[in-house]
Structures are given as structure tokens and as C-alpha cells.
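Me: I've got a model open and I'd like to learn how to read it. Can we go through a few features together?

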Amino acid sequence: TTEGKIVFRLFTFSDVKNVQLELVVKGKQILQKNMIKTQDCIWQYITNSFEIPEGTRYRYSITMNSGEIIKTKDPCSMFQETYFKWSKLYNQSRYNWTDDKWMNNKDSRKISVSANKENNLKNINTLSIYELHIGTFTQEGSYISAKDKLKEIKDLNFNAIEIMPVENTYSYNWGYDGVDKYAPNHTYGTPDELKDLINYAHNIGLNVIMDIVPNHLGPDIAELQKTGPYIEGDNCFGYKFNYENKYCENVRDFITGAALNWLINYHCDGLRVDMTKFMCSDYTMKELAAEVKYHIPGA
């Protein structure tokens with residue numbers, strides 16, 4: 001969303017005849033909106049935010065030149081209630097954060113690569129990290145129950161938590177098979193509940209590091225490979241991202257945007273970037289690092 005508008009933008013194949021945005025209205029009726037091709041492989045639809053309420057389910061219908069029709073969820077979906085087909089419209093700006101002091105670098109417990117005597121922030125060499133997996137950290141395996149245990153971590157004299165990947169993925173695993181790179185795992189709770197956890201962590205003085213996986217797309221229930229030229233082929237972890245071939249600049253932007261999503265929309269303080277040595281793409285890592293440094297210098 002931007003300035004009262006909702007912008008739906010899809011990066012897809014070059015040989016596409018038409019793309020439609022499909023919306024579920026009144027619980028069951030599917031409303032179709034024709035998208036406009038704005039540049040090679042990029043289709044877009046813009047509407048006023050009041051015309052489509054938050055929580056609306058949507059997907060893309062891609063008609064190839066061959067006549068084949070592909071129905072797919074949003075590659076940049078912010079909220080998935082299920083693994084398949086439909087995404088859910090989610091307004092990132094609606095959440096009521098209470099960590100302004102922390103985010104404005106006015107809390108001396110915050111750890112930053114920009115720490116100095118003037119801003120009184122802590123240097124990264126003071127990090128004491130407790131790594132946790134949302135699904136196994138508590139018996140309930142949820143964002144809410146994890147939040148309720150954070151005080152125990154603080155009492156053990158840790159000053160940061162590292163959350164193992166919550167990129168939406170299939171069933172129970174350690175989180176490294178994410179297929180929705182922007183959407184928090186829906187089996188643990190809602191995006192707002194993950195924000196509750198991070199907001200509370202800041203309020204008790206815990207820094208939050210998010211673990212992300214730019215190296216690959218998980219092998220189960222992935223849809224990116226049929227949505228556009230995101231994928232180069234298979235590897236031993238699942239699908240290998242197209243970081244070095246035709247249209248790679250769009251894929252690099254896609255994965256960089258996913259990293260910024262956790263820092264900007266979820267107020268995370270840092271990133272732990274998984275399996276970078278297998279990416280075989282220095283350009284992608286340079287873009288990711290440069291964009292993070294530009295938008296959130298202290299991360």
C-alpha cells in the first residue's frame with residue numbers, strides 16, 4: 001500500500017498474454033480485475049485502499065500465450081492462511097507499535113553497528129544471543145506462547161534473540177524450507193502476533209535477529225517456479241534462485257525486499273543470512289547488504 005492506494009504488482013514470465021487479479025468478495029464470489037503490463041515481465045493493478053478491505057483473499061490468474069492458465073498466490077504475500085492458492089491482504093502500517101524509543105535509537109539497550117559514544121547504543125560485540133525456534137520453544141509452538149517466555153531469556157542475561165526462519169513453509173521443520181519469503185509461518189499465528197512478540201522483546205530490552213534463507217526455495221508446495229523466472233533449477237535444498245541469468249535483477253530485488261520486510265515491517269534489529277556460500281551470487285549479497293545499509297544503517 002502507498003498513499004491510500006493498494007498496488008498489486010507481479011513479476012512473471014515474458015511470454016504472458018494476460019494477467020488478472022482475482023478477489024474473493026462477500027465470502028465466495030470471485031471478482032476479476034485486468035492487470036496492466038508496465039514493463040517486460042511486470043504486471044500491475046492499482047486501486048484505492050477503501051475499495052478492497054483488509055483481509056480480502058486474492059490471487060493471480062496468468063494466461064500464457066499457449067493458452068495455459070496458471071492460478072497462483074502472491075509471490076510477495078504478506079499473509080497466508082494456508083499454503084496454497086489464495087493470499088490475504090494485510091496492511092503492514094496498521095499495527096500499533098509501542099517501541100518508538102527503541103526504533104529511534106533512544107534506548108541504550110539497543111545493539112547497533114552504528115553505535116558510538118554520542119548515541120549511547122551498544123556495540124555488536126556485546127551481543128549475547130539466545131537462538132530459538134518458534135515451533136519447539138514452547139509446547140504450544142506459537143508466537144504468543146514464545147512471547148510469554150521471553151522474560152525468562154532476559155533473566156538469563158541474554159540481550160538478543162535470534163528467531164530461526166519463519167518464512168511460511170510446510171508442516172513441521174526448522175524453517176529452512178521457506179516457500180513464502182515475505183509471510184510469517186501461519187501455523188505459529190498471525191503477522192500481528194509475531195509483531196507482538198518483537199514489540200514486547202524491545203520493551204524488555206531484547207534485540208531481535210531474524211534468520212532468513214536467500215539461498216533456496218523449499219521443495220514442498222512451492223509455486224514460484226510456475227509463477228515466473230524466479231528459479232534456475234533444483235539443488236540439494238530444493239529450488240535454486242535465478243540470481244545470475246536473464247531477469248535475475250528482478251529476482252535479486254525480490255529477495256532483497258524480503259530481507260527489508262523483516263527489518264522495516266517487523267522492526268527486527270538484524271539479520272542472520274543462511275547458506276550464503278551456496279548462492280554463487282556476490283551481486284545478490286552486495287545488493288542486499290547495500291539496501292540494508294541504506295534503509296536501516298544500524299541493522
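Me: Which residues of strand β7 are on the covered face, and which on the uncovered one?
Reply: Keep in mind that this is a predicted model. In β7 (residues 69-72), I70 and T72 make up the covered face, while I69 and K71 sit on the uncovered one.

Me: Which strand is joined to β7 by 4 bridges?
Reply: That's β6 (residues 57-64), running antiparallel to β7.

Me: What is the strand order in the open sheet of 3 strands?
Reply: Read across it as β1-β5-β4, with antiparallel pairing. The edge strands, β1 (5-11) and β4 (36-39), each pair on one side only. From one strand to the next, the twist averages 35°. β4 pairs with β5 (residues 42-48) over 3 bridges, and W43 in β5 is the bridge partner of K37.

Me: How about helices? At what angle do α6 and α7 cross?
Reply: The general idea: a packed pair is described by the angle between the axes and the distance between them. Here, α6 (residues 248-265) and α7 (residues 282-295) cross at roughly 35°, with axes that come within 9 Å. The crossing is right-handed. On the α6 side, the contact residues include I255, L260 and L263; on the α7 side, L288 and V292 are among them. The contact divides into 8 nonpolar, 3 polar and 4 charged residues.

How values were computed
Residues are numbered from 1 along each chain as its sequence is written. This is a predicted model: local features need pLDDT of at least 70, side-chain atom pairs count only at pLDDT 80 or more; totals for chains, interfaces and linings use all residues. Side-chain values use heavy atoms; hydrogens and water are left out. Two strands pair if DSSP finds at least two bridges between them. Helices (H or I, at least four residues) and strands (E, at least two) are DSSP runs, numbered from the N terminus. Axes are lines fitted to C-alpha atoms, for helices over the stretch in contact, and angles run from 0 to 180 degrees between N-to-C directions. Buried means under 20% relative accessible area, exposed over 50%, partly exposed in between (1.4 Å probe, protein chains only). A crossing is left-handed if the near helix is turned anticlockwise from the far one by less than a right angle, and right-handed if clockwise. Contact means heavy atoms within 4.5 Å. Ala, Val, Leu, Ile, Met, Phe, Trp, Tyr, Cys and Pro count as nonpolar, Asp, Glu, Lys and Arg as charged, and the others, Gly among them, as polar.
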